[in-house]
Amino acid sequence: GKEEAHDYRYFPDPDLVPVTLDDAAIDRIRGELGELPLQRQARLKSSLGLSDSDAATLTADRASSELLEAAIAAGGDSRTLAKQFISFWSAQANARSTTIAGLGVSAARLAELATLTANGTISATAAAQIAERMLDSDDAPAAIAAAAGLLQVRDESATLAWIDQAFAANAQAVADARGNPKKRQAAAGFLRGQVMKLSGGKADPRLVGELIERKLGE
């Protein structure tokens with residue numbers, strides 16, 4: 001049909017000889033292809049609970065998606081790794097006009113950073129800062145976090161001190177959280193943010209939330 005369409009201008013190339021492949025050759029080639037992008041995209045979407053767009057992002061570059069799989073195999077929390085690949089690792093790659101795999105960070109170091117984030121040793125904000133430092137250092141993520149003072153503080157007394165400061169400086173938010181059901185959630189969230197700001201991002205967000213709720217109920 002295309003050969004007969006005048007506006008298409010399609011014609012066979014006389015220099016290309018016909019190629020005939022038998023079923024065995026086709027099966028052999030198919031077996032060498034490995035997992036195709038759409039297949040990997042569907043698998044990651046199912047196993048990691050990703051959206052279509054996030055799964056597509058993670059499989060856009062084969063080497064980077066294989067690096068993600070290697071980091072998961074190295075013990076990194078899979079969902080945390082996916083989030084970090086989509087967020088700050090993609091941002092770092094874009095800033096350098098390369099891919100995540102092209103950044104040259106090993107799967108083991110990626111896995112360690114994800115583990116530190118997942119277990120609460122560092123915050124998500126700190127993880128992004130550490131990731132940037134990892135590009136210029138061969139040190140382990142934990143060592144970078146310690147040197148930069150980015151390890152989360154889980155000490156209850158220290159956290160309560162920050163909470164007391166936040167409550168003293170934001171009396172209206174405290175009143176809203178205690179006496180206005182419609183504003184309680186927003187006010188409590190505001191207070192959590194103030195505590196994190198006072199702590200320089202070092203406070204454990206989960207502990208902060210628990211202690212704020214306890215103090216609001218007193």
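I began with helix α11 (residues 184–198) and helix α12 (residues 205–216), which pack at an angle of about 125° with their axes 10 Å apart; helices here are DSSP runs (H or I, at least four residues) numbered from the N terminus, and axes are lines fitted to C-alpha atoms over the stretch in contact, with angles from 0 to 180 degrees between N-to-C directions. I noted that this is a predicted model, in which local features need pLDDT of at least 70 and side-chain atom pairs count only at pLDDT 80 or more, while totals for chains, interfaces and linings use all residues. Residues are numbered from 1 along each chain as its sequence is written, and side-chain values use heavy atoms, with hydrogens and water left out.

I recorded α11 and α12 as oblique to each other, since angles under 35 degrees count as roughly parallel, over 145 as roughly antiparallel, 65 to 115 as roughly perpendicular and the rest as oblique. For their contact (heavy atoms within 4.5 Å) I listed R184, A188, L191, R192, V195 and M196 of α11, and P205, V208, G209, I212, E213 and L216 of α12.

Next I looked up helix α9 (residues 156–169) and helix α10 (residues 171–179), whose axes come within 5 Å and cross at roughly 95°, which makes α9 roughly perpendicular to α10. Here I found F167, A168 and A169 in α9 meeting A171, V174 and R178 in α10.

Lastly I checked I130, which touches L113, I122, P141, I144, A145 and L150, leaving aside residues up to four places away in sequence.

Definitions and conventions. Helices (H or I, at least four residues) and strands (E, at least two) are DSSP runs, numbered from the N terminus.
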